[in-house]
Amino acid sequence: KISSIIFEESVIDIPTLLKAHKNRKKGCLITMVTFNTDTPETCGIVETDSSDIVIKFHEKSSLFKGYKANGAIYVFEKSLLDFLDNSNKEISDFSNEVIPELLGKIQTWHTNKPFMDIGTLKSLQKARSFWETINK
C-alpha cells in the first residue's frame with residue numbers, strides 16, 4: 001500500500017502552518033493539513049465544524065462525498081505522544097486507529113494550492129505523469 005504524498009515545496013507554508021497550530025482552539029492536540037480533492041473515494045475526508053475542528057472522518061469511503069481531504073501532514077503536541085503511549089495498543093494505521101479517537105481535538109489548516117495524494121496506484125501514476133511533464 002502506497003501511503004506517501006507528493007507536493008511542491010510552496011504548497012505548505014510551514015511558518016503559517018506552525019502559527020495556525022500555535023493559535024489552535026484550546027483542547028486540540030493536532031493541526032491537520034487539508035486540501036480539496038476531486039477523488040474523495042481515495043482519500044480520508046474530513047467534516048469540520050465552524051471553527052475548522054474535525055468532527056467526522058471518512059477514510060476512503062465511497063459512501064460519503066465530501067471534498068476536504070486529509071493531507072497527512074500534521075503538527076502535534078507532545079500530549080499526543082502521551083495519548084498514544086497510554087492507549088496500550090499497537091497502532092498500525094493512523095487514519096483508522098488514531099484520528100477517529102481524536103474527533104473534536106484536531107484543528108485543520110487548509111491549502112488551496114495543488115496537492116496530490118498518491119495513496120492508490122492510479123493516483124501515483126497520475127503524479128508520476130505530472131512530474132515528468134513539468135520536469136521536461
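A: Rings of Phe, Tyr and Trp (its six-membered ring) pair if their centres lie within 6.5 Å; planes under 30 degrees apart count as stacked, over 60 as edge-to-face and the rest as tilted. This is a predicted model, where local features need pLDDT of at least 70, side-chain atom pairs count only at pLDDT 80 or more, and totals for chains, interfaces and linings use all residues. Residues are numbered from 1 along each chain as its sequence is written, and side-chain values use heavy atoms, leaving out hydrogens and water.

Q: How many aromatic pairs does the structure hold?
A: A pair of aromatic rings is described by the distance of the centres and the angle of the planes. Here there are two aromatic pairs. Phe35 and Phe115 are stacked, at 4.4 Å centre to centre with 25° between the planes.

Q: Which parts does the pair of Phe35 and Phe115 tie together?
A: Helices (H or I, at least four residues) and strands (E, at least two) are DSSP runs, numbered from the N terminus. Phe35 lies in strand E2, while Phe115 is in the loop between strand E6 (106-111) and strand E7 (116-117), so the pair links parts 80 residues apart in sequence.

Q: Is Phe35 buried or exposed?
A: Buried means under 20% relative accessible area, exposed over 50%, partly exposed in between (1.4 Å probe, protein chains only). Phe35 is buried, at 3%, and Phe115 is buried too, at 10%.

Q: What about Tyr74 and Phe94?
A: Their pair is tilted: the centres are 5.0 Å apart, with 50° between the planes. Tyr74 is partly exposed at 24% relative accessibility, and Phe94 is partly exposed at 27%.
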